[in-house]
2 protein chains.
Amino acid sequence: MKLKNNLHTQTGWDIYETSFNPDQLVTTGSNFMIGNGYLGYRGTPSEWGADKYVACIVSDTYDAAQDNWRELCNVPNGLSTKLFIDNQMLSLDDQNTEHYRRSLNLKYGIFEREQTWKSKTGKKVHIKVEKFASLSNVHLIAMKYEIRVEEPITIKLITGIDGIVWDLKGKHLHNSVSEVLRDILLNTTYTKEQNIQINVGESINWIGIDDLKENIFQTSESIYREFILELNPNKSITLEKYVIIYHSNDLSNPKEQTINDLEQERIIGYQSLKNEHQAVWDKLWEDSYIEIIGNLEDQTLVNFNLYHNFIATPMHAELPIGARGLSTQVYQGAAFWDQEIFNLPMYIYTQPQIAKKILKYRFNTLPGAQKKAQELGYKGAFYAWTSGKTGEELFPDYFFKDLISGRKVRNHFNDWQIHISSDIAYAVWQYYQATHDWDFVLNYGAEIIFEVAKFLGSHVYFKKDKDRYEFIRLLGPDEYHENVDNNVFTNYLAHFTFQKALVIYVKMQVNYTMQLNNLFAKLSINQKDIEYWREIQEKLYLPKPDEKSKLIEQFDGYFKLEDIIPLELSKRLINPDEYWGWPNGIAVETQVLKQADVLQTFAVLKNFPKEVIQSNYDYYEPRTEHGSSLSPSVHAQVACQAGYPDKAYQYFQEAVSIDMYNASKKYLSGGSFLGGIHTAACGATWLMIIQGFAGFYIDNDDNLIFNPCLPISWESISFCLQVRKNKLEITINQEKLIIISNKENKSYLKIIINKEHLHIKPGEKIRTFYQKK
Amino acid sequence: MKLKNNLHTQTGWDIYETSFNPDQLVTTGSNFMIGNGYLGYRGTPSEWGADKYVACIVSDTYDAAQDNWRELCNVPNGLSTKLFIDNQMLSLDDQNTEHYRRSLNLKYGIFEREQTWKSKTGKKVHIKVEKFASLSNVHLIAMKYEIRVEEPITIKLITGIDGIVWDLKGKHLHNSVSEVLRDILLNTTYTKEQNIQINVGESINWIGIDDLKENIFQTSESIYREFILELNPNKSITLEKYVIIYHSNDLSNPKEQTINDLEQERIIGYQSLKNEHQAVWDKLWEDSYIEIIGNLEDQTLVNFNLYHNFIATPMHAELPIGARGLSTQVYQGAAFWDQEIFNLPMYIYTQPQIAKKILKYRFNTLPGAQKKAQELGYKGAFYAWTSGKTGEELFPDYFFKDLISGRKVRNHFNDWQIHISSDIAYAVWQYYQATHDWDFVLNYGAEIIFEVAKFLGSHVYFKKDKDRYEFIRLLGPDEYHENVDNNVFTNYLAHFTFQKALVIYVKMQVNYTMQLNNLFAKLSINQKDIEYWREIQEKLYLPKPDEKSKLIEQFDGYFKLEDIIPLELSKRLINPDEYWGWPNGIAVETQVLKQADVLQTFAVLKNFPKEVIQSNYDYYEPRTEHGSSLSPSVHAQVACQAGYPDKAYQYFQEAVSIDMYNASKKYLSGGSFLGGIHTAACGATWLMIIQGFAGFYIDNDDNLIFNPCLPISWESISFCLQVRKNKLEITINQEKLIIISNKENKSYLKIIINKEHLHIKPGEKIRTFYQKK
């Protein structure tokens, strides 16, 4: 099936292209990437180098070059493989390609390239390259390079480790040593700031050819094997390549482990490794698949996004999900609030063990968040806007620059966007609601939520003349309006945090007194703090819908700003790439939003009346510029709540296309390169379907709510949910909702479908008609 | 005596120049201006027009042209007089001037010009022009134009009313009608927005010539008389010109009054009018003179500044003192905090009846301040940053523009610079302290201070975790740092306001219960408000000196900003005229100040220990750019407090030279024309000498404090003070302080000189040595 933007699919579980567009280097390199949460390897041909955005980004390698931002490292490229005929290198850039196909298997994360290429001297070669980043051993990337000719020719093949890497914020690697150990090529290098030792090892295996002579040549950074191959038309030859990557944050002797792994994996062999790898993927999809009947394109887009959500997530460790995953160094490979609000729900409800790891990461980074709070004059935990391994703030004070003056701009993402802390408390509670994993709350969650409450209590101001608490000088998710007061999302989420802190407190006080006392002692919390939180919870100002218009003001004074639509406003741009926000961007003094915080509030807190949701959707939607990739998916979800299925579907299509169809507007904003996979949009794909179209959430009484609102072009959707160790299979078509409770389930579950209350027992199947919105 | 910058003086009571510098049109036009607080007439030759910044700015004529800023009007120029020989106009611009002298008598506000000019045809004429803006009838400007020749020649003289005026923010006047009524030329015009009727009438009188034929010619805006005159060398002829200005905010029939005045004044005649005028000036100087023995230049500069403070002040009415007086339309002819903190002290201590009028103006404008507070979501009185007649906010939201992008900038002078309200409360208290005019407090002052306290109470936030009140999102006097918290000047002055509000409350509660109840009823204040103010007074955060360094932080986080000196910082300018402040000017993220708010706090509140004053002076002075004309005078005062007489004198010289020596850096900042007299610097001249070098203030126990610190080059200073209807004459030389209490005084006064307590009775003279700092 032909898709948009040069892409095709056969089954919905794959994408492929048959022509190469050099203008889309950045995008296609991201879209076709392989990865496993430990590393991301961009979907680039093996001939390319740093100049064409080749990258193998490895998790847990945060390092700052000189005075630059700390970011994940791009490690030496162990897959580098170049084929020469008569000293001309096979390439995509010239006109000599007769056949070309690049594809990505979304089910198993397998990249394939087929190419038929003719040299200037008229000699033709067919190659077929396959590679995957293993899920069974996340340190392994394996590649198969198959060569076939139609007449006898001699080729030269150079394959090895390319140590010249693309870096976004300065060179990280130095003191590189390349060596040959037995038949292994090994590169050892170190990061400049943190002195992380990184090892990239490579070993190969030839099939279909004997009697090979190998020349090694090397620089300090790179090391290659060179082969001169006499090829015959009657049989193809294949190079199997195993690359292993370890660094000293993984274990103490990465070099030894690299060599061990390489020797072992080569013995297992390419096909067996691939089988093991695929088995792990099968298990993931078993719980997290979403099936759409009736629209193959949408099915492909959904698979694409869920795939990218998986490979961006460090499922193997307690580490952050980067805002661009492991697709580029953009946003430093670090977590933002995206992680909790956009990436995590899919895990919470389908792979809670992964969600737990991510939340455990937030627990581990409490010291970083406490340090940040302290440095800014607060108490408790002010989580980093950009959170790497330690949770210390990685976001630079100066991010965007004023493109007109060239002057740096003090952005306040890191110190004014306080909702990040509440978002994490919110996710902890979501996890608890879905799992009833009280042990997690006792051991980790309570501490997170108490520390966030403590932080918020040290940030909030009391306005005595109005007898209410207020949050002042904020930046909400809508980043075009900095320095605002009582941002609706910030205040509501803070309120949620205090509520849950008090719920946890009460529960611990009754049944877990000792643990509570220990925790209070550890965190220096006392009864007065609890009273303070209770008072804030009672008196925190929550902007309410206007009685007549039902509108909620995004922040104090928003409705007084200039009312203009984004298209009209955009005419004021002097430079097309300039940032629209603080301090003097075109949107600052207007009602034009990067994303709509009132709608974002509806998306997370489900307890607003429908007429309020509708009025606010109608008001904010035309004023929203969607300058954030987070924005369309929120509109899709809230349009479902409002009963606007057509609008929901339109925003769904926009959100799922951001990367695959390169719908993101630009790589540059305010002078910053921002390319790579928009991981939050990938996570949001799950949200849009399950919490949007299926209308699923769990209410405070543990009811599973479904309010379906299916796009007309879809026959049905099917998916699974994990709720308190029970697995449900759900299918929704245009009329009916079918829920099957797995036989192995332990408990019965309460379900509400369009206000109808139902129960489902293990092994039971519910089939019910629902009322269309 | 030769002064700087092309100027001379003979007696210290005059300035004159003998050559004309066309590059300094704006400055000299301001410096040589005449005025009387009702009107200001720039010191320009009578031949000039709008293109050379001729202006006659009239008080109480606030009007907004189209959507532009409201400002005072420049009215038609009734002095316009042009002399022609052989159709060539006498001018200063060509090379034909043989003798030239422009002078200003600072004692009586009399402008003089002498010029000997030769036409291209070789004919020579001597002219001598004199003019003054009457203090006995503030609606009158009188001019004497004397012509003398050396051989018989024919000249043409055109004199009348020039209706084409220079406007800063759009054309205000329309529907002009010119007419001849009896022998009066009369221009009637109207302002576009407010429809103020303005009348400018002119009548003349010739001396030394008979048998004159007058031709009238006119446009709708202008009207002129033309004379052809045959002149003889043996005697000079003189044109006497009377101009009367009234408008419909003065009285209901300005036209009739203009005609009446003109007829009357012409009968009285030029010389008698001048005598009456001078008598009023004599009375003013009798109480407000400052005599400096030992430095004629400084004496001249002081006279110049006090003169300009007087003519900028609407002594005749309850109206504001403009930040540029009546010298240009810059700053809209409106009052800023300059009025209370810089202009008013001279009046409070030497002409309390004028101070009372200005403060009464603030009482009259309470409704405007209350409206502003309400519009911004506060209670009480938030005084306008830029206050015209009604006290509604005149300051535009967009003042400076970003010169690099050309984009307008939302400046927050009007909504974040809340200290303006406290400054007015402070001035009310100063007036009360100097006069003990309790009636004023009862009738006006209490209401002002209570309303300011109410405003501050609605602005302040309580930080429960720190158990203190804070002021958030401020702009202090240092305008390079907007959006700051707990600005030292703002917090201290707010604290002062609450203190005095409570003092007044207690005094009224004891002895004026009925008045208090009435006032409370009028202002909807109750006992709870009083308790609230008391709590704020107790718990308001006042940044205190660091124990070790003694430094006070100007606002939260100031010491963490980049530490750089202004000279170094200035190298970052892209455009020399760009504004250094908000939102992205070069000083914003640095410690470089426009003016030093900690020093400003010392200047108004005298109760800081000397070592604290010294440490902070030493720290802040090198970091201050003096981007405000208010800054040097504050440094001079605080240097006296610190015991740094040399530095004090250096800053004194800078402050008094701002206008006379054109020391102000530029007319343009951030794209705004800012020319004209820096009225605050004029008022500050009195402050620097009396509160700085003489070290005078009144403490809370009604003691008159003197801590002299005289510049070395001065033999002595003499001046008068009015304290509670007692007049004191003070002389301070390098060793002694002499105080004479007037015989007619009513009470004895307590005096402290260098901590020595003294009493002085009416008629007594104290002569005491003081300790040099």
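Reader: Which residues make up the covered face of strand 19 of chain B, and which the uncovered one?
Author: I290(B) and I292(B) are on the covered face of strand 19 (residues 290–293), while E291(B) and I293(B) are on the uncovered face. Strands here are DSSP runs of E with at least two residues, numbered from the N terminus. Before we go on: this is a predicted model, where local features need pLDDT of at least 70, side-chain atom pairs count only at pLDDT 80 or more, and totals for chains, interfaces and linings use all residues. Residues are numbered from 1 along each chain as its sequence is written, chains are lettered from A and ligands numbered from 1 in the order in which they are written, and side-chain values use heavy atoms, with hydrogens and water left out.
Reader: Okay, and what does I290(B) stand opposite in strand 28?
Author: That's F719(B). Strand 19 and strand 28 (residues 716–723) of chain B pair in the antiparallel sense, over 4 bridges. Two strands count as paired if DSSP finds at least two bridges between them.
Reader: New topic: what's the strand order in the open sheet of 4 strands in chain B?
Author: The order is 2-3-4-5, with antiparallel pairing. Strand 2 (34–35) and strand 5 (70–74) are the edges, since each pairs on one side only.
Reader: Which residue is the bridge partner of I34(B) in strand 3?
Author: Y41(B). Strands 2 and 3 of chain B, the latter covering residues 39–41, share 2 bridges in the antiparallel sense.
Reader: Over to chain A: is S59(A) buried or exposed?
Author: S59(A) is buried, because its relative accessibility is 5%. Buried means under 20% relative accessible area, exposed over 50%, and partly exposed in between (1.4 Å probe, protein chains only). S59(A) is in strand 4 (residues 56–64) of chain A.
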